[in-house]
Amino acid sequence: MNKAVIYLDNAATTGILPEVVDAMIPYLKNKYANPSSVYGIARENRAVINNCRKKLAKSIGANENEIYFTSGGSESDNWAIKGVAEMYGRRSGHIITSKIEHPAVLKTCRFLEDKGIDVTYLSVDENGLIKLRELEKAIRPDTFLISVMYANNEIGTIEPIREIGGIAHSNNILFHTDAVQAYGHVPIDVSDCNIDLLSASGHKINGPKGIGFLYVREGVNIGRLIHGGGQERGIRAGTENVPAIAGLSKACEISVKTMKTRATKEIFLRDHLIDRILYEVPYTRLNGHRINRLPNNVNISFQFLQGESLLVLLDMYGICASAGSACSAGLQKPSHVLMALGLPVEIANGSIRMTLGLDNTMEEIDYVADKIKLFAQNLRELSPQYEDYRNKRV
Ligand SMILES: *Cc1c(COP(=O)(O)O)cnc(C)c1O
């Protein structure tokens with residue numbers, strides 16, 4: 001990563017590892033054969049795909065025939081939900097999801113609502129956890145799918161996935177989880193959690209962009225996404241992106257190998273950043289669950305200031321942070337996730353997300369905390385609301 005900046009936006013995307021680039025280069029250069037061809041150099045490329053599929057399967061406790069390559073998280077989410085609706089919804093039926101899903105899930109569900117499928121959007125508590133009682137109550141005889149994300153991309157809350165899988169399983173309902181933020185960052189076992197479909201993406205684990213996968217449990221029928229050749233068992237046709245698959249393979253291998261040490265380091269830095277801001281900057285709130293939380297996620301609301309203004313100041317000092325998801329950043333609209341926590345609009349708009357990665361150091365974190373402390377004070381001094389508040393208090 002370019003050390004001219006302090007990069008704290010790893011939930012938006014991560015820097016590609018040099019080992020990953022090295023793994024890709026031969027397939028971008030001379031190893032260009034179509035893996036479906038019969039000669040030796042093509043069979044070599046076929047082996048790259050098979051090996052990657054094996055590694056991905058092993059990383060979540062699945063079988064290799066249950067892994068389908070896609071272009072990333074958004075495609076996997078779209079395919080999982082539409083593909084299941086096509087086979088099990090049959091133009092009616094009921095899906096349960098949550099209010100804090102990524103737009104790739106939410107907008108797919110809204111699309112299906114227009115096609116006559118009912119959708120329940122579960123609310124969450126003040127920490128972003130879905131309520132299992134509410135989930136159980138939402139189940140109807142025609143519910144065919146529950147789709148709840150593994151971990152939230154804005155506030156880092158990790159959902160009670162095993163419990164949700166248990167409820168889905170005992171009611172004969174399929175369970176899909178958007179694990180794009182969790183995959184490669186926390187251990188995942190699809191059997192243990194009764195997960196039937198799982199979405200993951202390469203560029204959130206220091207791999208290339210434009211590659212990801214969908215896990216589909218054997219026996220689950222999913223509609224064909226792309227008609228064409230026989231690739232991906234004939235349901236997602238198109239010549240495989242071998243360079244990206246070679247990169248994903250390496251990224252998966254490294255993320256599995258380093259998960260524990262990475263998480264330990266990230267949690268240490270994360271908690272230091274959270275503690276410094278909460279203790280040193282008044283009128284702040286941590287968003288997301290304190291414990292059931294992604295190792296790299298910090299999301300804080302600052303009363304009496306605009307998150308966007310704070311981001312602009314941080315950017316002037318080379319600090320890359322985010323107002324929420326990349327998809328809602330830049331817009332005035334408050335984050336749907338923060339609103340679902342029950343935060344007032346002005347608090348939601350006073351929030352920033354900082355997501356750590358491989359390269360961050362304690363020195364950087366202290367620098368960022370110092371700057372936030374200073375800028376929060378500067379911005380509040382310009383805020384009429386802050387002045388009113390202080391006048392009322394004295
Ligand atoms: C990034 C992200 C996606 C989209 O993944 P792409 O590979 O960028 O399409 C979906 N869901 C979540 C939770 C994400 O964080």
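Val21 is found in helix H1, residues 18-28 (helices are DSSP runs of H or I with at least four residues, numbered from the N terminus). At 30% relative accessibility, Val21 counts as partly exposed, because this class lies between buried, under 20% relative accessible area, and exposed, over 50%, with a 1.4 Å probe and protein chains only.

The model is predicted: local features need pLDDT of at least 70, and side-chain atom pairs count only at pLDDT 80 or more, while totals for chains, interfaces and linings use all residues. Residues are numbered from 1 along each chain as its sequence is written, and side-chain values use heavy atoms, with hydrogens and water left out.

The whole structure contains 20 salt bridges (a side-chain nitrogen of Lys or Arg within 4 Å of a carboxyl oxygen of Asp or Glu). In one of them, Glu253 pairs with Lys250, with the closest N and O atoms 3.3 Å apart. Glu253 and Lys250 are three residues apart in helix H7 (residues 242-280), and therefore about one helical turn separates them. Glu253 is partly exposed at 26% relative accessibility, and Lys250 is partly exposed at 25%.

## A link between helices H7 and H11

Arg276 forms a salt bridge with Asp370, the closest N and O atoms being 2.6 Å apart. Arg276 lies in helix H7 and Asp370 in helix H11 (residues 362-381), so the pair ties together parts 94 residues apart in sequence. Arg276 counts as buried at 14% relative accessibility, whereas Asp370 is partly exposed at 40%. Salt bridges with shared partners join Arg276, Glu280, Asp366, Asp370 and Lys373 into one network.

Definitions and conventions: Helix = DSSP H or I, 4+ residues; strand = E, 2+ residues; numbered from the N terminus.
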